[in-house]
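Take a look at the structure first.

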Amino acid sequence: MTELSGWGLFPQIDCRVVRARCEDDVRKAVLAAPLIARGNGRAYGDAALNPGQTLDMTGMDRMLSFKDGMLVAEAGVLLADIIHAFLPRGWFPLVTPGTKMVSLGGAIAADVHGKNHHVDGSFRSCVDWVELMGMDGEVSRVAPGDELFEWTLGGMGLTGVILRAQIRLRPVESSWIVQDSKALTSLTETIDAFEAAMDAPYSVAWIDCTDGPQHGHSILLLGRHARSEDLPADRPKFNLQRRGKIPVPFGMPLLFKGRALQLINSAYWRLKARRAGRALVDWDSYFYPLDGLANWNKLYGRNGFIQFQCVLPRDMAPDGLAKLMAAIAESKQGSVLSVLKRFGPQTSHFSFPMAGYTLAMDFPANERSLALMEQLDKITLAHGGRFYLAKDARMAQAVAKADPRAETFAAMRKETGLAARFASVQSERLGL
Amino acid sequence: MSGPVLILGAASDIARAVARSFGEAGHPIQLAARNAERLEDDARDLATRYGVEVTTHEFDALETDSHAGFVAGLPALPEVAICAVGAMGTQTKSEADPQAAIQIMRANYEGPASVLAHLANAMEARGSGTLVGISSVAGDRGRASNYVYGSAKAGFTAFLSGLRNRLSKQGVHVVTVLPGFVKTAMLEGIETPAPLTAEPEEVGAAILKAVRRKTNVIYTRPVWRAVMAVIRNIPEPVFKKTSI
């Protein structure tokens, strides 16, 4: 048995871990006992934990072919490996989440999104097909439009074991990003700026959710891939140097409380506001700022932390976000990093995004945070919103079931027998 | 330096990591193992990631009669040959069944020594090349818990040492690799102390570095050198009472 947790280090559960190196290993595991497949463990909560059998897919990380931007690879390959192999050849993932340390299978299962969702959609947009092992050990290839494909993208590994997939990469002329940053002083201003920037390829905002004087202040970052002519002559087009990693010790969270957090937030805003404007940023710090800190999940101490991420439909968002932010400020639990993003429409059956605004925050794993998050759940539901399963570690079943799609998903799993074979601590908790 | 690199016992976790290290450095790769068709995906992976040429070859370490033909049949005599062949078996089975023990001895000593002997002669004739043998710290001193495996690795370590001594004047270098614990299929389900346990990628990187620097003996985690120095120097009357 191995004590295992998601990236948030909460919850930690003893699991029997089985490692797969080839398709036969997966088949043996699938036929042996109920299981959940696990990639690189970057889901925050309990989505990739199963005490009876957790199937570690990181040994299946082969890239099988590449032609004209189309890559066939096994599920355990990391986005970091893909970037390392293909960015120097002028290709970059079409959609990437905020860490490059996710596995391909995990990106598909969670149907991850990036800063370009409003333009390019979720990870699904780049997937041509997925090979999935069902409960009978048979492998089927599913493609957009197939029922099983639509449930698999966002299905959290509960539709079978993702073995391999073909994805399309995006051609880029350089590894640099032209970034325009704007300092804004209220939520309303921030939303207006997002709406005005709907054709910006990438957009994301950092927003102050503390109860300090700068509550609602934000830094909006717009970006696009730099073309050759955007680069100074002496700048190499492709910079692949791996950044050194700064180790993070346990026990830092003491710094992140109350007044200190307010000060950190307003200092950050002022610093960024002074530097607002255009800049050329390298791909790694633009897309993956936190990957530069090894184990930044340990910032919150041994008990770990919990992410809260919800999405609110476009018309309900201004009111809902204001209420969410007020509740956070009032709780004095303010999150160090609160991130706001504009989404485009939903695509797959059970994926997280919908046209509107998504707010993500992390809180230390403790009673007060859990109570706060229950309050945030209520506000979200009252505004027609829903929650991101890849970040969830603690939602109540009733909350999950408020999303009508959850019942349909659970019914489909029950009818087809999938529920009896593919299960995680999360799927049991939420009754999926 | 970008000549072909042969990896014997290519299906293991360490071998895969080693192949990636050398593939990333731009070497064409020759993968060799039993049931060569199961190396196909690894071959495609190396070619896709690094754009290097990869070939796969049928090779059985225990079929020593076939080794001369195997070496002669390679598309090119490799610049570097890395032997990752080995089998740990279980000590209890080896104790109960000497025939099983012999298979472990053959897989860890006889087979690897035989194929490296053929490669050594060919490289000696050419006047250049590097041979890498992945042995084990288990060969540094026989212990009750795995002395059959350990004794074969001890033999292999001594073989590599002698080979290095012989070939150093002929332009051929020999690297002995003593990995210690590595997170591989071999150790699955066995608890090992984290500071002493390396990832396969560390072994891959360490071997690439050792080949380039012509290091003689490497412990992939340096702490092992100290650990084994202590274990080797425990006086026998004391050692026989321990259970390390």
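**Exercise 1. Work out how many salt bridges join chain B and chain A, and describe one of them.**

Step 1. Between chain B and chain A the count is five salt bridges, each being a side-chain nitrogen of Lys or Arg within 4 Å of a carboxyl oxygen of Asp or Glu.

Step 2. One of them pairs Arg21(A) with Asp13(B), and their closest N and O atoms are 2.6 Å apart.

Step 3. Now see which elements of chain B touch chain A: helix H1 (13–24) and helix H2 (40–50) each give two or more residues to that side. Helices here are DSSP runs (H or I, at least four residues), numbered from the N terminus. H2(B) gives the most, with seven residues.

Step 4. Sort that side of chain B by type and you get two nonpolar, three polar and eleven charged residues.

A word on the ground rules: this is a predicted model, where local features need pLDDT of at least 70 and side-chain atom pairs count only at pLDDT 80 or more, while totals for chains, interfaces and linings use all residues. Residues are numbered from 1 along each chain as its sequence is written, chains are lettered from A in the order in which they are written, and side-chain values use heavy atoms, leaving out hydrogens and water.

**Exercise 2. Describe how Trp151(A) and Phe409(A) pair up.**

Step 1. Their rings sit 5.3 Å centre to centre with 35° between the planes. Rings of Phe, Tyr and Trp (its six-membered ring) pair if their centres lie within 6.5 Å; planes under 30 degrees apart are stacked, over 60 edge-to-face, and the rest tilted, so this pair is tilted.

Step 2. Trp151(A) lies in helix H5 and Phe409(A) in helix H12, 258 residues apart.

Methods: Ala, Val, Leu, Ile, Met, Phe, Trp, Tyr, Cys and Pro count as nonpolar, Asp, Glu, Lys and Arg as charged, and the others, Gly among them, as polar.
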